[in-house]
Amino acid sequence: ELDRAAAAHATIIRTVVEWRTVAPVRPRRASSPFDPAYRLNDVDELVREAQRRGVEVMITIWGTPRWANGGRPANVAPRRASDLTNFARALASRYSGRYEGYPYVGRYSVWNEPNLGIFLSPQFDSRRRIVGPRNYAQLYRAAYKGIKAGNRGALVAIGETSNQGRDHPLRGARDSVAPATFARLLARERGLRFDAYATHPYSTRPSLPPTQRVRWPNVTLTR
């Protein structure tokens, strides 16, 4: 895959680092980039091989371990924001360029498509009010703090929203918030610092062209 990316003249590739997979058990020194609980060999290899081909890597952090959220699914936020901060710090520090043999990663984003219930839950409260952006803001602040502690020069993107969503609850993981609605409500949250806003403007189905038009507040390339 890296060979194909390089042949296509890609300059950056994105990978999702799943917190739950990297840290299946609670680390003793969670902010340390080399705590023995962390399973990062595959990420190390990806970053090294990408760098060897002249391709940068952007890391997206996603997926809460069961030990951090009381045994809940990976789309449920951790009980303690500090657990995510410590993991983000360890990750950014490991790829900060300070350690021989570990190449530099300078771009990060926080959570994958947090406007979809399958990736972040809940999206609505018991009164059917949208709470996904508020919940995501808490996650983002925690991860941003850790990334900057590990690598002050790293760039961090907020958002990573899916191209479509509904602004009313359905059932559990099917709940979603439209990306433009999500961004508007996220803008009301205080204390959010970021270097870029990220969204995924794919067509709503693979068979549709990038010129597909959708109704706002959904967002594809034409919007």
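**A walk through the model**

Author: Happy to! Let's start at Arg128, which is found in the loop between β3 (107-110) and α5. Keep in mind that this is a predicted model.

Reader: Okay, is Arg128 buried or exposed?

Author: Arg128 has 56% relative accessibility, so it counts as exposed.

Reader: Which peptide bonds are cis?

Author: One runs from Ser121 to Pro122, with omega near 5 degrees. Pro122 lies in the loop between β3 and α5 as well. Another cis bond joins Trp216 to Pro217, where omega is near 20 degrees. You will find Pro217 in the segment after β5.

Reader: Let's zoom out. How many helices and strands does the chain have?

Author: There are 6 helices and 5 strands. Going along the sequence, they come in the pattern α-β-α-α-β-α-β-α-β-α-β. The radius of gyration is 18 Å, close to the 17 Å that the globule rule gives for 223 residues, so the chain is as compact as a globular protein of that length.

Reader: What does the C-alpha trace span along its principal axes?

Author: About 50 × 45 × 30 Å.

Reader: How much of the chain is buried?

Author: Buried residues account for 49% of the 223. Contacts reach across the sequence as well: of those between residues at least 6 apart, 69% join residues at least 24 apart.

Reader: Now the inside, please. Which residues have the most contacts in the largest nonpolar core?

Author: That core has 50 residues, and the ones with the most contacts inside it are Ile59, Leu91, Tyr95, Tyr108, Tyr136 and Ile147. Helix α5 (residues 132-150) gives the most to this core, with 8 residues.

Reader: Pick one for me. What does Leu91 touch?

Author: Leaving out residues up to four places away in sequence, Leu91 touches Val17, Leu40, Ile59, Ile61 and Tyr108.

Reader: And helix α6, how many of its residues are buried?

Author: Helix α6 (residues 179-186) is mostly covered, with 6 of its 8 residues buried. They are Pro179, Ala180, Thr181, Phe182, Leu185 and Leu186.

Reader: What covers them?

Author: The cover includes α5, β4 (155-161) and β5 (196-199).

Reader: Last topic, charge. How many positive and negative side chains are there?

Author: The chain has 37 positive and 18 negative side chains, and the centres of the two sets lie 9 Å apart.

Reader: And the accessible surface?

Author: It comes to about 12,100 Å² for the protein chain, with 48% belonging to carbon and sulfur atoms.

Terms used: Residues are numbered from 1 along each chain as its sequence is written. This is a predicted model: local features need pLDDT of at least 70, side-chain atom pairs count only at pLDDT 80 or more; totals for chains, interfaces and linings use all residues. Side-chain values use heavy atoms; hydrogens and water are left out. Helices (H or I, at least four residues) and strands (E, at least two) are DSSP runs, numbered from the N terminus. The radius of gyration is taken over C-alpha atoms; the globule rule is 2.2 Å times the number of residues to the power 0.38. Buried means under 20% relative accessible area, exposed over 50%, partly exposed in between (1.4 Å probe, protein chains only). Contact means heavy atoms within 4.5 Å. Accessible areas come from the Shrake-Rupley method with a 1.4 Å probe; for residues, only the protein chains shown count as cover. Lys and Arg count as positive and Asp and Glu as negative; His and the chain ends are not counted. The place of a charge is taken as NZ of Lys, CZ of Arg, CG of Asp or CD of Glu. A nonpolar core is a set of buried Ala, Val, Leu, Ile, Met, Phe, Trp, Tyr and Cys residues joined through side-chain atoms within 4.5 Å.
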